Amino acid sequence: CAAFESIGETNDGLDTFYLLFAASFVFFMQTGFAMLCAGSVRQKNVKNIMLKNILDACGGALGFWSVGYAFAYGGADSSKKGFIGNSGFFLSGFSTGGELIGWFFQFAFAATAATIVAGTVAERCKFEAYLAYSLMLTGFVYPVVVYSIWSSSGWITAFNADPFLGCGMHDFAGSGVVHMTGGITALIAAKILGPRIGRFYDADGNPLPEPVSFPPHSVALQVLGTFILWVGWYGFNPGSTLAISSSASAAVCALAAVTTTIAAAAGSVSALFTDMFLSRMQTGETEYDITMCMNGALSGLVAITAGCATLAPWAAFVTGVVGGWVYIFVSNLLVKLRIDDAVDAVPVHFGNGMWGCIAVGLFAEPGRTANAYSAHGNYGLVYGTGANLLGAQVVGLLWIIGWVTVIMTPYFLLLNSMGLFRVDSIEEEVGLDISHHKGAAYDISGPDESTVAKFEL
Amino acid sequence: CAAFESIGETNDGLDTFYLLFAASFVFFMQTGFAMLCAGSVRQKNVKNIMLKNILDACGGALGFWSVGYAFAYGGADSSKKGFIGNSGFFLSGFSTGGELIGWFFQFAFAATAATIVAGTVAERCKFEAYLAYSLMLTGFVYPVVVYSIWSSSGWITAFNADPFLGCGMHDFAGSGVVHMTGGITALIAAKILGPRIGRFYDADGNPLPEPVSFPPHSVALQVLGTFILWVGWYGFNPGSTLAISSSASAAVCALAAVTTTIAAAAGSVSALFTDMFLSRMQTGETEYDITMCMNGALSGLVAITAGCATLAPWAAFVTGVVGGWVYIFVSNLLVKLRIDDAVDAVPVHFGNGMWGCIAVGLFAEPGRTANAYSAHGNYGLVYGTGANLLGAQVVGLLWIIGWVTVIMTPYFLLLNSMGLFRVDSIEEEVGLDISHHKGAAYDISGPDESTVAKFEL
Amino acid sequence: CAAFESIGETNDGLDTFYLLFAASFVFFMQTGFAMLCAGSVRQKNVKNIMLKNILDACGGALGFWSVGYAFAYGGADSSKKGFIGNSGFFLSGFSTGGELIGWFFQFAFAATAATIVAGTVAERCKFEAYLAYSLMLTGFVYPVVVYSIWSSSGWITAFNADPFLGCGMHDFAGSGVVHMTGGITALIAAKILGPRIGRFYDADGNPLPEPVSFPPHSVALQVLGTFILWVGWYGFNPGSTLAISSSASAAVCALAAVTTTIAAAAGSVSALFTDMFLSRMQTGETEYDITMCMNGALSGLVAITAGCATLAPWAAFVTGVVGGWVYIFVSNLLVKLRIDDAVDAVPVHFGNGMWGCIAVGLFAEPGRTANAYSAHGNYGLVYGTGANLLGAQVVGLLWIIGWVTVIMTPYFLLLNSMGLFRVDSIEEEVGLDISHHKGAAYDISGPDESTVAKFEL
């Protein structure tokens with residue numbers, strides 16, 4: 001009837017608007033990453049890292065337009081399973097607004113996966129190498145992960161007619177798909193690239209007695225970036241319902257906003273106070289480290305990303321608290337392994353990406369899971385419905401690790417062996433801004449005193 | 001009929017989305033407060049103030065999840081009156097998306113009330129004391145204020161079946177509930193805590209001949225924060241319709257956006273030029289003070305918050321202009337009283353929170369008030385319908401001042417007498433970043449000159 | 001029927017919410033401009049430029065409320081043509097929420113046009129002169145342009161019953177209306193105002209052998225501003241559908257989000273690599289200039305603004321790539337002409353505003369144009385439907401140039417001849433912050449070393 005048709009039009013508009021909002025917020029996270037990374041590095045590399053942040057957004061757009069989206073979603077069909085999509089290159093055949101806005105939303109996710117890597121390898125990675133692998137990531141590696149978990153033809157997706165273990169992997173907004181993919185790439189890159197000079201080894205390669213921390217050049221920019229990321233997450237998680245024109249999707253969206261908030265808060269408090277107590281046991285002094293507070297919040301956010309739509313608020317709290325611990329543990333582990341992560345992106349995104357996938361296997365609540373996915377009977381371990389979902393989550397995260405490792409390790413090794421990966425040590429010491437980008441990022445000199453004196457006469 | 005059912009689903013989605021949007025914008029204001037506070041303090045306390053800003057958002061989330069929301073809205077019933085809510089602790093019993101997204105929106109408001117205090121007591125308040133009272137505020141003090149004015153069981157709410165003076169207090173988006181609550185707490189805290197060393201008294205407690213202003217360490221961060229706050233206000237004020245799926249709520253939302261804009265602009269221009277003229281009369285020089293411009297805009301925003309839905313655009317203009325004057329007057333008054341407000345939050349939030357409540361009593365326009373509330377016959381004084389609304393506004397603001405004072409004064413006095421409130425003077429002089437947070441917020445040193453020289457060979 | 005009525009209410013709410021969202025994002029661009037301008041200038045002028053940025057937003061609000069909107073849209077009627085609107089001063093007669101939220105959206109655009117100028121004339125323009133012409137711009141000059149192109153009574157609008165050349169000018173979101181208007185004003189002002197001391201001439205007016213670039217004081221603020229602008233553009237372009245409650249408008253919105261993204265990315269990559277290759281040919285060194293990357297993205301955004309709703313994604317890509325070249329060309333041309341643009345706003349907004357208008361004449365795709373406007377039969381030149389649309393675009397851009405030049409040139413000349421336009425050279429050298437705004441924007445001094453030493457005992 002005509003009234004129904006008219007409702008259909010309204011719903012078209014509402015759902016398009018919803019994805020425009022959500023994608024814009026996710027894209028805003030690029031600003032957050034740029035500020036967080038810029039604040040974290042030394043002053044001599046600020047322009048370099050921000051240039052990489054801008055360019056992976058741009059490269060992500062072009063890569064995802066040309067081939068990425070086609071690989072990620074092209075020709076999906078829930079009655080079949082496949083490895084990679086094969087239609088929609090350059091948005092060809094896109095006829096509806098829904099398809100176009102869907103591309104915009106998915107692009108913003110792809111750009112997020114790419115930019116996670118930038119911070120870890122900051123201060124010593126060649127600019128051209130960074131471009132090469134960020135295109136590789138958004139154009140091919142990430143789309144294959146997306147296809148497997150989010151398209152209806154993926155081998156482990158929850159959306160296939162015959163899902164893996166009867167439920168498939170439940171990674172609602174991408175703890176695994178986005179954050180683990182970016183995070184494991186960062187880990188491999190950091191391992192192959194080696195630490196910054198003076199972090200674990202001196203300029204001649206001799207190990208230092210203690211690891212040296214390089215202080216961030218601006219904590220204000222770090223906090224700005226962290227807050228922007230948190231805000232952007234309200235597009236990332238609730239937006240992953242992909243539509244809002246039904247009561248069911250509205251309920252999922254609302255739950256996601258609540259669990260996201262609680263997990264972020266819990267992660268922040270957990271990391272800050274755990275670190276304070278651990279430090280106090282060692283040094284006797286009570287110091288609160290704002291880095292813990294920020295990375296704890298981000299850890300909670302990454303961890304809840306998979307389960308934002310299926311966990312009860314109490315489980316979001318637990319996920320956040322544990323997320324703070326995971327962060328501290330993985331961060332310390334990297335230092336022990338002498339792997340240098342300039343912004344601690346690996347603990348945040350890889351460590352807590354894994355924990356987030358597992359948390360769903362433990363805590364996915366039956367009613368909420370039935371609402372967000374379907375009533376397939378396989379829920380979190382604590383609800384006593386068996387371990388199928390947990391099994392799918394673990395297999396899924398191993399798949400992500402395996403796939404990315406198999407592709408990116410030889411790629412980085414090749415770049416490295418050809419001398420294309422790491423800058424010269426003299427360039428590293430003088431900083432990338434002066435050596436590659438026409439000078440320092442700041443000039444805060446004021447007017448000279450004689451001029452001021454003349455003026456004040 | 002089926003079409004109606006379908007419209008109901010669409011409306012569920014639309015209203016949920018609306019609150020997601022509005023709450024995200026309100027939460028974004030945390031970023032604004034953090035940047036504004038950070039920019040306003042001296043470089044030696046930047047990490048400390050930002051850590052407080054992050055943590056009161058996190059503490060606010062946990063406090064409002066556990067008990068705050070239950071105290072603020074639990075079990076409200078417009079046929080009764082009460083003092084405090086008593087159901088919904090830890091979100092228990094929340095079954096619909098609407099309830100969950102409502103929590104998210106209200107949490108963002110609670111966090112705003114808490115963070116207002118941070119700036120005022122910056123640079124000398126102990127970290128643990130700050131946490132203690134920000135939890136107290138979001139968990140108990142603020143929820144009681146909310147219950148009285150915004151829940152349908154409040155004693156002075158406009159939403160009760162039998163409202164106070166026939167109309168109840170009209171504080172649409174919280175000039176009183178949010179800004180006065182935060183602002184009066186800040187005032188009490190500043191009074192008990194005492195001024196920063198060197199502001200009105202030297203290190204030995206001797207009064208200085210003239211108050212000393214501490215220049216903000218970064219005006220750029222202040223402007224960033226101010227603009228973000230202004231932007232966030234478009235979630236704060238229009239969002240307070242709580243729904244958007246009817247023509248009436250759409251009209252309220254639209255009006256709120258317009259009045260918010262006009263009042264902010266008027267407040268900014270008013271404060272800037274008034275200050276310029278006043279200074280010129282004293283010094284003969286024409287200087288434009290960007291602080292006036294920023295705090296004037298924020299003053300206009302705070303002042304229009306109560307009346308954004310009920311004032312005509314011209315009245316919003318008047319409210320903003322007077323808001324600028326209120327700011328200057330209260331700011332100067334505090335200096336005369338030797339009360340040290342590190343970011344002038346008391347004039348902005350407390351001074352203009354009061355003015356905003358009163359402005360509604362003066363200017364609430366009958367038609368718009370009937371649309372936003374109901375046609376109860378009591379409107380702004382200038383419309384000649386009597387003084388009931390103005391009376392309710394004044395009683396309401398006295399209630400807020402009284403309640404907060406009665407609870408927070410002994411609380412702060414207790415903290416102070418136990419030595420838990422203020423840092424040692426040596427910690428204050430060296431700055432809180434070095435004494436409590438592992439070092440300075442900035443390291444803008446570049447590469448050393450010999451390295452650069454070597455590179456340029 | 002009742003269901004239809006109810007849908008109408010929902011649509012009212014949805015469309016109001018959509019414009020609230022879009023206008024808030026456009027207003028957020030003020031933050032972006034402020035950060036970009038502040039980062040671009042020297043440290044001694046940071047407060048001055050940011051004060052101008054805040055005040056043109058405020059002035060824009062008051063100017064557009066009082067007269068601007070009435071001039072731009074008042075009394076429009078598609079069956080007539082006129083020069084300027086004449087009703088709705090001070091929002092009088094506004095009865096519906098749709099009208100009010102429409103004002104809010106249009107105000108945000110007007111403020112954008114005004115603030116474009118601020119950066120170009122930074123570091124030497126008098127504060128009062130800036131206020132005078134930004135009010136002139138938002139109150140009169142810009143509204144006349146809007147009336148001609150966007151109101152239904154304009155002489156060259158696409159929305160008249162009898163449009164110019166059968167189609168009228170197609171400037172969907174304002175490459176011409178907003179960006180050219182701001183950009184040509186900036187160009188005229190820069191020409192009349194003259195370059196900053198030491199840029200092309202020394203303090204005595206003798207030409208320098210080579211133009212001197214003044215390094216931006218903070219690239220971090222520039223990047224922050226650029227990203228915020230990009231994000232805000234998702235309100236600017238998709239929001240220009242003005243409604244979202246139909247499938248057709250949803251499709252336009254979705255397309256605009258996609259083309260905006262692709263053009264920005266293409267512009268950024270184009271400018272960065274073109275500049276790198278050009279520099280390498282001259283100097284032999286491979287350097288990546290982040291300024292190119294940022295201004296290239298902004299150039300792509302400005303260029304796609306006219307055609308965001310009517311160009312295919314491939315054409316958006318071409319528009320962005322050419323936009324990067326236009327930026328480099330115009331930027332170099334200005335230097336050759338010794339016109340000093342402190343933030344390169346003229347190449348970005350004026351150069352690419354023109355290119356954006358022309359691109360529509362070349363690439364407007366028939367189906368998408370029919371959806372966004374109407375099936376009038378006049379499309380982009382490459383589609384072989386004749387040159388009417390291209391003709392209308394060219395006439396439209398000449399009209400904008402002509403109108404703004406005729407009004408603003410004598411205005412600036414007058415200001416200049418009366419000595420009201422440019423600050424004294426001593427004020428310029430000492431910087432505007434010290435000479436007019438009570439001191440420097442930063443004080444990053446830490447605690448003195450003796451205090452720290454005492455603390456560490």
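How much area is buried between chain A and chain B, and what percentage of it do carbon and sulfur atoms give?

A: Happy to take you through it, and please keep in mind that this is a predicted model. The area buried between chain A and chain B is about 5,300 Å², and carbon and sulfur atoms give 80% of that area. A:Phe227, A:Glu287 and A:Tyr288 supply 12% of the area that chain A buries against chain B, more than any other three residues. As for who takes part, chain A brings 65 residues to the contact and chain B brings 59 residues.

Let's turn to the polar side of this interface. Between chain A and chain B there are 8 residue pairs in polar contact, both residues being at pLDDT 80 or more. The elements of chain A that give two or more residues to the side touching chain B are helices H1 (2–40), H6 (219–236), H7 (247–283), H8 (290–305), H9 (313–336), H13 (425–430) and H14 (432–436). H7(A) gives the most to that side, with 18 residues. By residue class, the side of chain A that touches chain B divides into 46 nonpolar, 13 polar and 6 charged residues.

The count of salt bridges between chain A and chain B is 2. In one salt bridge, B:Lys438 pairs with A:Asp275, and their closest N and O atoms are 4.0 Å apart.

Chain A also reaches chain C through a lysine. The side chains of A:Lys438 and C:Asp289 meet in a salt bridge, at 3.6 Å from N to O. This pair crosses between chains: A:Lys438 sits in the loop between H14 and helix H15 (449–456) of chain A, and C:Asp289 sits in the loop between helix H7 (247–283) and helix H8 (290–305) of chain C. A:Lys438 counts as partly exposed because its relative accessibility is 42%, whereas C:Asp289, at 13%, counts as buried. C:Ser279 has its place in helix H7 of chain C, and at 14% relative accessibility it counts as buried.

Now let's step back inside chain A, where salt bridges link up. The structure holds 26 salt bridges over all chains. One of them joins A:Arg199 to A:Asp340, with the closest N and O atoms 2.9 Å apart. A:Arg199 lies in the loop between helix H5 (175–193) and H6 of chain A, and A:Asp340 lies in the loop between H9 and helix H10 (345–363) of chain A, so the pair ties together parts that are 141 residues apart in sequence. Both ends are covered: A:Arg199 is buried, with a relative accessible area of 11%, and A:Asp340 is buried, with a relative accessible area of 0%.

For a pair within chain B, look at B:Glu365 and B:Arg368, whose side chains meet in a salt bridge at 3.6 Å, N to O. B:Glu365 is buried, at a relative accessible area of 18%, while B:Arg368 is partly exposed, at 22%. Back in chain A, salt bridges that share partners join A:Arg42, A:Glu123, A:Arg196, A:Arg199 and A:Asp340 into one network.

A:Arg42 lies in the loop between H1 and H2 of chain A, and at 17% relative accessibility it counts as buried. Leaving aside neighbours within four places in sequence, A:Arg42 is in contact with A:Glu123, A:Arg196, A:Phe214, A:Pro215 and A:His217. A:Arg42 and A:Gly431 are 389 residues apart in sequence and 8.6 Å apart in space, C-alpha to C-alpha.

Helix H2 (residues 46–73) of chain A has a kink of about 65°, centred on A:Phe64. H2(A) is mostly covered, with 27 of its 28 residues buried. A:Gly75 follows H2(A), and its phi is positive, near 65°.

Conventions
Residues are numbered from 1 along each chain as its sequence is written. Chains are lettered from A and ligands numbered from 1 in the order in which they are written. This is a predicted model: local features need pLDDT of at least 70, side-chain atom pairs count only at pLDDT 80 or more; totals for chains, interfaces and linings use all residues. Side-chain values use heavy atoms; hydrogens and water are left out. Contact means heavy atoms within 4.5 Å. Buried area is the accessible area (1.4 Å probe) that two parts lose on being put together, summed over both. A polar contact is a pair of N or O atoms within 3.5 Å; within protein, one must be able to donate a hydrogen and the other to accept it, and residues adjacent in sequence count only if both atoms are side-chain atoms. Helices (H or I, at least four residues) and strands (E, at least two) are DSSP runs, numbered from the N terminus. Ala, Val, Leu, Ile, Met, Phe, Trp, Tyr, Cys and Pro count as nonpolar, Asp, Glu, Lys and Arg as charged, and the others, Gly among them, as polar. The bend at a residue is the angle between axes fitted to the seven residues ending there and the seven starting there. Buried means under 20% relative accessible area, exposed over 50%, partly exposed in between (1.4 Å probe, protein chains only).
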